[in-house]
Amino acid sequence: MEERLILVRTKYDVATLCDYLRAADFVAVDTETTGLEHSAQIIGISIAAETTCAFYVILRSWNKVTNTLETLETIDVMAPFLDLLLTKRLIMHNAGFDCKMIRNNFKKDLMPSVHTDTVELAHLLDENRNVKLKALGTVEFGADSTIEQNIMKESIVENGGKCTKKHYELYKADADLIGKYGAKDALLTLKLFYLYIPQLFERGLDKFFYEDESMPLLKGPTYEMNTTGLKVDMKALEALKLDLRRNCDELRAEIMKHIMPHILEAYPGTTKKNVFNLGSNQQLAWLLFIKLNNNFQKLTVSGKALCKELGVKVPYKSGKHAKFIKAAQEKGLKPEKYIQVNAKALLHLAKKYKWVSKLLEYNRLETLLKNFVIGIEAKTQHGIIRPSFLQHGTTSGRYASRAPNFQNLPRDDKRIKACIVPRPGCV
């Protein structure tokens, strides 16, 4: 049966949609937003109460003439519309995000009415698969969205928006396109629900999912952790950032002093003299194993493939290293591109070179600075950071954490954890 995707633009249209929904039981809900951050605005809400018909309520639309996000009159009747949704059994794909966005934008919390999160449902039935909505749609229904996504990207660019991995300005696409795209997501969510529920009961996992763990955990602790967030001592974080930068600068200066005699000529990766990238695997490999003639420990995957092409054995023994380097150079290749400079190799060479020991410490502090301090600072808003805690992020039943990963804070350096502080009256 052909799918109907209906755009809702006026208060009257919202009232008509409410009349349609009054008799519905299960309702799929999805949101489209200006971003993933806590302060993002909802630009539209998708609704599906049957698997052949879905609606997209346009709340905000990009005006490419004025380069502004304009608000439609539909936003004025969101309170009664959301109150109606609270009386339904809601189906969502990644309910934590959609409920959080709705709560932030309209001060209405739909989580108590969420019946099923199809992310958690799909993960429980098969924890090894990709549980993203589009991926599940492709596997289960052959619903390839590649063409739609490409059309959406073209519209974003035409309207002056960015369309990169870091900056995907979906809200700048034509509202009609976003509407069709969003409505299909709601349809797909509902279809997955009706597909997976029989499987859940057949496998006897219904009590586990609805009563013992999956949904109670999602609607309780997981949702609270993701919405409440953690307080950051911004002054302490800034002081730590300055301290780490100073330490990194000092270490870098010491390292460069030691290696300067060896890098006076141009070397792989650059045409400039006296410029060395300590984070470049290729440049370090050139310095340590070509220039300084040390034995390397490991080749990259492409390096092993190159050995086969050159007709030489993978140099697991030190006597074979020079043969590999010579064979590569005779072919006009740069062997340093295929040599791995990992922590194990650096630890081995730290016994021989004092500067390599300093490089290991430099790498550790750089990781602290960039991945944690600057990463936390970038994600913190008004002194609060909200990392994502996911029940479906691993294949072992444990939580995962992203943006940033708060389950992977350094153990041996407590300075990062010291910047996360309790709110007044809490511990």
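Student: Is Cys 163 buried, partly exposed or exposed?
Tutor: Cys 163 counts as partly exposed, because its relative accessibility is 26%. Buried means under 20% relative accessible area, exposed means over 50%, and partly exposed lies in between (1.4 Å probe, protein chains only). This is a predicted model: local features need pLDDT of at least 70, side-chain atom pairs count only at pLDDT 80 or more, and totals for chains, interfaces and linings use all residues. Residues are numbered from 1 along each chain as its sequence is written, and side-chain values use heavy atoms, with hydrogens and water left out.

Student: New topic. Where is Asp 413?
Tutor: Asp 413 is in the loop between β12 (400-402) and α16 (415-418). Helices (H or I, at least four residues) and strands (E, at least two) are DSSP runs, numbered from the N terminus.

Student: Why does Asp 413 count as buried?
Tutor: Because its relative accessibility is 8%.

Student: What do polar contacts join to the side chain of Asp 413?
Tutor: The side chain of Arg 364, at 3.4 Å, and that of Arg 415, at 2.8 Å. A polar contact is a pair of N or O atoms within 3.5 Å; within protein, one must be able to donate a hydrogen and the other to accept it, and residues adjacent in sequence count only if both atoms are side-chain atoms.

Student: Now helices. What is the angle between α14 and α15?
Tutor: About 145°, with the axes 8 Å apart. Axes are lines fitted to C-alpha atoms, for helices over the stretch in contact, and angles run from 0 to 180 degrees between N-to-C directions. Helix α14 covers residues 343-350, and helix α15 covers residues 354-379.

Student: Which residues make the contact?
Tutor: Contact means heavy atoms within 4.5 Å. Among them are Leu 346 and Leu 347 of α14, and Val 356 and Asn 363 of α15.

Student: Last one. What is the strand order in the open sheet of three strands?
Tutor: β10-β9-β13, with antiparallel pairing. Two strands pair if DSSP finds at least two bridges between them. β10 (384-385) and β13 (420-421) stand at the edges, each with a single partner strand, so one side of each has no neighbour in the sheet. Val 232 stands opposite Ile 420 in β13.
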